[in-house]
Amino acid sequence: MTQGARQPAAASASWRLAIGLARRELRQGARGFRVFLACLWLGVAAIASVGSLSQSLESGLSRDGRALLGGDIDLRLSHRPASDEQLAWLAARSDLSHVTSLRSMARAAGEDRRETRPLLVQLKAVDRAYPLYGTAGLTPDLSLDQALEKQDGTWGIAVEAGVIARLDLQIGDPLRIGEAIYRVAATLVDEPDRAGRGLTFGPTVMLRHAALAESGLLLPGSLVHHHYRLRLAESTAIETFRETLEAAYPEAGW
């Protein structure tokens, strides 16, 4: 073959190689572009989902924030209650509810329950003003006053379903906590301020302050938390109230 004939053949082979390489790169580029579009779509969907979730949370807090917290303001003290002077100051400026919380062990009472393992529970002592916002749901359908009242010398308590299930209890059964025996009067199915409690290590047992006092658990050094929930008048600005409170009791420690 002459040199002139070889040159067109070489040029043709070069063009075929170039076209083949171009087609391969285009195919790979199309696949890469599809991957890029998929990632872009996922990113936009994730951002939209986060925005929607954030908006839902903000809306829920705005609508139910008082019930979740238990009041307009929650003042917390550990190991010690507020003084009589502080309580009088708060009660004169707001609707006041006192909640005491601590952990303890509970055990099914009775001669046939001696081998029952104890259960760690979260005791929650409430007053008659509780809850300031929301409603405590009980089964059977009782008011909180009915469930927590003292009958025949025994205080009633309302417990979460986990207590009944794990200790094999029924409504009306006795439950020993500390040095006292209580009567399971109801199952606590709705605790309006549960979200404001923070981390807990056991199901809730709700009772009156006087009932908790009989348990013998309120001893010096006990890990007890006191919550003072306040419901302010609609005309009261929370920040203004907070500044006034801090000025009145700068060393309160709450």
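This is a short chat about a predicted model of a protein chain.

User: What does the secondary structure of the protein chain come to?
Analyst: The model is predicted, and the chain has 6 helices and 10 strands.

User: How many residues are in the chain, and what percentage is buried?
Analyst: There are 254 residues, and buried ones make up 36% of them.

User: And what about contacts between residues at least 6 apart in sequence?
Analyst: Of those contacts, 78% join residues at least 24 apart.

User: Which residues have the most contacts inside the largest nonpolar core?
Analyst: Val163 and Leu175 do, in a core of 24 residues. Elements giving two or more residues to this core include strand S2 (95-108), helix H4 (161-167), strand S7 (174-177) and strand S8 (180-190).

User: Which element gives the largest share?
Analyst: S3 does, with 4 residues of this core.

User: Back to Leu175. What is it in contact with, leaving aside neighbours within four places in sequence?
Analyst: Among its contacts are Ala106, Ala108, Ile157, Val163, Leu167, Ile181 and Val184.

User: Which face of S7 is Leu175 on, covered or uncovered?
Analyst: Leu175 is on the covered face, along with Ile177. Pro174 and Arg176 make up the uncovered face.

User: How many bridges join S7 to S8?
Analyst: 4 bridges join them, and the two strands run antiparallel. One of the pairings is Arg176 with Ile181, its bridge partner in S8.

User: What sits in the hairpin of S7 and S8?
Analyst: There are 2 residues between the strands, and Gly178 takes a positive phi near 65° in this hairpin.

User: How do S2 and S7 run, parallel or antiparallel?
Analyst: They run antiparallel, joined by 3 bridges. Ile177 in S7 is the bridge partner of Ala106.

User: Which residues make the nonpolar surface patch?
Analyst: Met105, Leu120 and Phe201 make a patch of about 270 Å².

User: Where is Leu120 found?
Analyst: Leu120 lies in strand S3, which covers residues 119-126.

Technical notes: Residues are numbered from 1 along each chain as its sequence is written. This is a predicted model: local features need pLDDT of at least 70, side-chain atom pairs count only at pLDDT 80 or more; totals for chains, interfaces and linings use all residues. Side-chain values use heavy atoms; hydrogens and water are left out. Patches are made of residues with over 30% relative accessible area and no salt bridge: like charges are joined within 9 Å, nonpolar side chains (Val, Leu, Ile, Met, Phe, Trp, Tyr) within 5 Å. Accessible areas come from the Shrake-Rupley method with a 1.4 Å probe; for residues, only the protein chains shown count as cover. A salt bridge is a side-chain nitrogen of Lys or Arg within 4 Å of a carboxyl oxygen of Asp or Glu. Buried means under 20% relative accessible area, exposed over 50%, partly exposed in between (1.4 Å probe, protein chains only). Contact means heavy atoms within 4.5 Å. A nonpolar core is a set of buried Ala, Val, Leu, Ile, Met, Phe, Trp, Tyr and Cys residues joined through side-chain atoms within 4.5 Å. Two strands pair if DSSP finds at least two bridges between them.
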